[in-house]
Amino acid sequence: MATQHSRSAARLMMAPAVFLLLVWMLVPLSMTLWFSFRKYLPLRGGDLGWAGFDNYVRFVTSSSFWPSVMTTLIIVGGVLVVTVMFGVLLAILLDQPMWGQGVVRILVIAPFFVMPTVSALVWKNMFMDPTNGLFAHLWRFFGAEPISWLSEASLPSLVMIVSWQWLPFATLILLTAIQSLDSEQLEAAEMDGASPLSRFFYIILPHLSRAITIVVLIQTIFLLSIFAEIFVTTSGAFGTKTLTYLIFQRVLESQNVGLGSAGGVYAIILANIVALFLMRIVGKNLDA
Amino acid sequence: MGRIQLKQVKKSFGDVTVIPPLDLTIEDGEFTVFVGPSGCGKSTLLRLIAGLEDTSDGVIEIDGKDATSLPPAKRSLAMVFQSYALYPHMTVRKNIAFPMKMAGVDKAEQDRRIEAAAKALNLADYLDRRPGQLSGGQRQRVAIGRAIVREPAAFLFDEPLSNLDAALRVGMRMEISELHKKLDTTMIYVTHDQVEAMTMADKIVVLQAGVIEQVGSPLELYRTPRNKFVAGFIGSPKMNFLEGPEAAKHDAHTIGIRPEHVEVSTTEGLWQGKVGVAEHLGSDTFIHVHGVPGCDPMTVRVGGEIPVHHGDTIFLNPNLEHLHRFDAEGLRIQ
Amino acid sequence: MARAVTTQRKAINTAFAWGVGLLIFFPILWTILTSFKTEAQAISDPPVFLFFDWTLENYAAVQERSNYARFLWNSIIIAVGSTILGTIIAVPAAWSMAFVPSKRTKDILLWMLSTKMLPAVGVLYPIYLLFIRLGWLDTQIGLVLVLMLINLPIIVWMLYTYFREIPGEILEAARMDGASLKDEIIYVLTPMAVPGIASTILLNIILAWNEAFWTLNLTAANAAPLTAFIASYSSPEGLFYAKLSAASVMAIAPILIMGWFSQKQLVRGLTFGAVK
């Protein structure tokens with residue numbers, strides 16, 4: 001519903017954003033693509049010529065590749081499961097009548113304000129340290145042997161740290177969604193004799209499905225490229241090397257840009273597969 | 001001045017033509033109502049005149065000048081929207097002042113016009129409130145005030161009363177009619193409510209599926225509808241249509257008789273039927289009669305109160321002077 | 001209609017919710033407390049909760065070791081600068097998408113979001129090279145631009161969802177009232193969208209403030225923001241929990257305080273405009 005005049009104005013006003021993002025996407029991407037076919041070692045002679053698909057083959061056949069893909073999926077999947085599950089429970093809890101709801105809400109969303117480097121450092125040292133960490137104190141208090149969390153249970157520990165950061169976000173979205181649920185629906189279900197549990201499964205949960213989709217989408221966007229938490233806690237050791245981190249090591253630590261770029265192309269392909277899948281769902285939701 | 005002329009104006013969205021080429025002239029100072037069922041293109045037509053939509057083809061002239069490709073702001077038209085479309089972040093005063101601010105009217109003149117509009121529309125006490133603090137009727141008056149101060153060549157109303165309750169609607173209807181008498185400016189008014197059309201218009205344009213079915217004064221449309229659609233659309237309750245042998249007696253495919261043109265008798269009449277639902281309004285009684293050949297139920301209107309009950313047998317006598325005859329295409333037979 | 005809830009039930013809810021809330025908040029609370037302890041108390045077993053000798057020495061030590069003010073200033077410039085710049089570019093784009101939608105609008109929006117999914121690490125080296133070429137490495141302007149670009153899709157998306165709540169008829173009314181496109185955006189759209197724009201800006205300041213890939217990899221000494229400031233504490237040197245806590249508090253305090261003061265807009269913004 002618009003006139004020719006406003007349509008051309010719209011195109012003009014959209015242009016800067018589209019142009020900037022296009023440049024931001026295409027220029028580095030084509031450079032990465034170029035490097036991925038080169039033997040490129042900045043500290044050992046620079047660009048040493050055409051490499052064909054060598055880098056691609058080497059990256060996939062390296063023993064770290066598949067574990068890193070697995071690690072990525074475990075961290076993303078683990079955090080999604082934890083945050084959505086606890087997010088739903090927390091949202092229902094916060095929706096109940098209580099005193100000081102506003103304050104509780106602030107307490108719950110606070111972790112979102114904490115920068116990843118800080119939260120990783122605090123968790124690593126003050127909670128998960130096997131000698132001086134709070135968990136170690138707690139374990140010893142109950143007579144148990146303290147666990148070196150980040151080496152013995154590295155993935156669950158990381159999932160926990162990252163979940164703590166993202167739980168507020170999931171909770172808040174789900175809470176907003178619950179509050180938008182028409183209470184007459186629940187009352188009708190109650191009149192129809194539905195138990196609290198069946199009210200949850202047949203009315204609340206379906207109502208939340210759109211919100212859960214959004215949580216999954218947005219979190220996936222951010223979790224796929226998770227970096228600082230690993231950088232600060234384990235530096236990729238103890239099986240916490242995600243695809244992102246592996247590429248980072250190839251490019252910056254081993255200074256093998258060709259190999260790293262090939263890895264980057266793989267990561268982009270992986271991200272696109274996930275994106276395609278998610279965008280379908282979001283695309284549908286955008287219409288609603 | 002506000003003479004608006006549409007010449008072969010056409011509108012399509014993609015492949016869908018909502019308004020096939022159409023001609024229409026609205027004379028200066030005329031109160032014209034576009035009426036039709038929802039989706040008939042009446043709002044689109046209004047938005048084409050306003051410049052909020054592009055015409056796909058044809059020419060729109062305002063006061064003899066081609067305005068087809070002018071942006072809305074340059075057409076010197078004012079519009080009152082269905083949702084009032086007041087600026088929620090501005091006070092009533094600022095809302096009314098906005099078009100003048102855009103036109104660069106000087107401050108003293110702005111104040112003078114605001115005072116005049118506020119007085120005319122009973123808004124003087126509300127000038128410093130925000131739209132959110134006003135009732136529906138008051139918001140409607142602010143929207144009208146905002147339109148008046150521009151001193152436009154013509155006013156456009158897009159179903160302005162449909163968000164008001166029934167009582168308020170009658171009041172606003174009269175206010176708008178009076179405003180028209182006072183300002184003597186062209187007004188184009190879109191509605192789906194034929195009562196609004198009948199009570200307010202100098203000229204009614206009946207639209208269906210983007211096509212003008214008939215143009216005329218309210219009573220012209222009532223007395224001589226050009227086709228079955230107009231006959232059924234104008235008048236309340238709706239005209240009764242009879243097909244088959246009863247129509248054949250009058251050399252027509254269909255005959256139409258308005259409820260108020262049928263007499264009721266308990267003893268004898270042309271048609272016989274059984275009373276279904278009888279709506280007793282006090283001033284009138286609407287009886288839905290079942291069993292009349294070719295028309296079921298037939299609605300008849302009787303002035304005042306009449307003691308009929310569900311299941312009673314009654315007789316009906318149509319006033320043949322007011323019989324409407326239509327051919328197989330639904331067109332009026334003279 | 002809300003029903004009357006028994007006081008007992010409400011009390012149970014309250015206790016439970018506060019318990020969970022405090023549990024979630026505890027790491028932050030513990031960090032704040034530890035920052036006021038001496039290093040010895042910071043690791044004492046059993047841990048001391050409130051009854052210790054409160055001290056500010058850690059803050060002094062952190063300030064002495066690294067120039068906090070410079071990192072803070074960099075963080076502010078980068079977070080606020082990138083967000084404001086992004087918003088200025090995004091408002092017209094979001095206006096177009098919300099009020100003049102075409103068949104391609106949705107595709108463009110999804111494409112923009114999908115650029116968010118490009119793994120940063122995949123383009124790290126090219127950006128690094130370009131930055132060296134352009135002389136942007138370790139500069140505020142470079143980081144402002146990069147963070148603006150990575151948050152631009154989110155800003156556009158959020159503004160789009162907020163704008164869509166504004167009835168198009170009001171903008172049409174402005175057009176009928178003689179407003180030009182510029183007037184329409186400045187006098188009508190923007191004031192009406194202020195809550196949404198505020199939420200968008202707040203959320204994106206937080207995202208930019210906490211961004212820790214580009215800020216760590218594209219800065220050294222000059223333009224390093226607080227993420228880099230805190231990362232320098234990742235290798236322990238002797239007793240350092242209390243100092244780490246002090247540094248952490250200094251890094252997150254500005255955002256926490258901002259969050260407390262603008263809670264309502266932030267909560268709205270935190271849902272990315274996706275849920276009403």
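In which loop of chain B is Pro237(B) found? In this predicted model, Pro237(B) sits in the loop that connects α8 (228-233) with β11 (240-243) of chain B.

Asp63(B) has a phi near 55°, a positive value in a residue other than glycine, and belongs to the loop between β4 and β5 of chain B. Within 10 Å of Asp63(B) there are 15 other C-beta atoms; a residue counts as buried at 20 or more and as exposed at 12 or fewer, so Asp63(B) is partly exposed. Glu159(B) likewise is a residue other than glycine with a positive phi, here near 40°. Glu159(B) is located in the loop between β7 (154-158) and α5 (166-183) of chain B. Is Glu159(B) buried or exposed? Because Glu159(B) has 21 C-beta neighbours inside 10 Å, Glu159(B) counts as buried.

An open sheet is built from four strands in the order β2-β1-β4-β5 (chain B), with antiparallel pairing. Its edge strands are β2 and β5 (65-66) of chain B, each of which pairs on one side only. Strand β4 (residues 57-62) of chain B is joined to β5(B) by two bridges, and these strands run antiparallel. Ile62(B) has Lys65(B) in β5(B) as its bridge partner. Helix α1 (residues 42-50) of chain B packs on this sheet, where it touches β1, β2 and β4 of chain B, and the direction of the helix makes about 115° with that of β1(B).

At the other end of the strand order, strand β1 (residues 4-13) of chain B and strand β2 (residues 16-26) of chain B pair in the antiparallel sense over seven bridges. One of the facing pairs places Gln5(B) opposite Thr25(B) in β2(B). The two strands form a hairpin with two residues between them, and Gly14(B) in the turn has a positive phi of about 60°.

Attention now turns to chain C. This chain has 14 helices and zero strands. Its C-alpha atoms fill a box of roughly 70 × 70 × 30 Å along the principal axes. Chain C has 276 residues, of which 53% count as buried. Among its contacts with a separation of 6 or more, 81% are between residues 24 or more positions apart.

Chain A meets both of the other chains. Its contact with chain C involves 84 residues from chain A and 80 residues from chain C. On the chain A side, helix α1 (residues 4-36) of chain A gives the most, with 18 residues. That side has 67 nonpolar, 16 polar and one charged residues. The axes of α1(A) and helix α5 (residues 105-117) of chain C come within 11 Å and cross at roughly 40°; the two helices are therefore oblique to each other. The crossing of α1(A) past α5(C) is left-handed. The contact is made by Val18(A), Leu21(A), Trp24(A) and Met25(A) of α1(A), together with Ile108(C), Met112(C) and Thr115(C) of α5(C). By class, these contact residues are six nonpolar, one polar and no charged.

For chain B, four residues of chain A are in contact with five residues of chain B. The side of chain A that touches chain B has one nonpolar, three polar and no charged residues.

Key. Residues are numbered from 1 along each chain as its sequence is written. Chains are lettered from A and ligands numbered from 1 in the order in which they are written. This is a predicted model: local features need pLDDT of at least 70, side-chain atom pairs count only at pLDDT 80 or more; totals for chains, interfaces and linings use all residues. Two residues are in contact if their C-beta atoms, placed from the backbone, lie within 7 Å. Ala, Val, Leu, Ile, Met, Phe, Trp, Tyr, Cys and Pro count as nonpolar, Asp, Glu, Lys and Arg as charged, and the others, Gly among them, as polar. Axes are lines fitted to C-alpha atoms, for helices over the stretch in contact, and angles run from 0 to 180 degrees between N-to-C directions. Angles under 35 degrees count as roughly parallel, over 145 as roughly antiparallel, 65 to 115 as roughly perpendicular and the rest as oblique. A crossing is left-handed if the near helix is turned anticlockwise from the far one by less than a right angle, and right-handed if clockwise. Two strands pair if DSSP finds at least two bridges between them.
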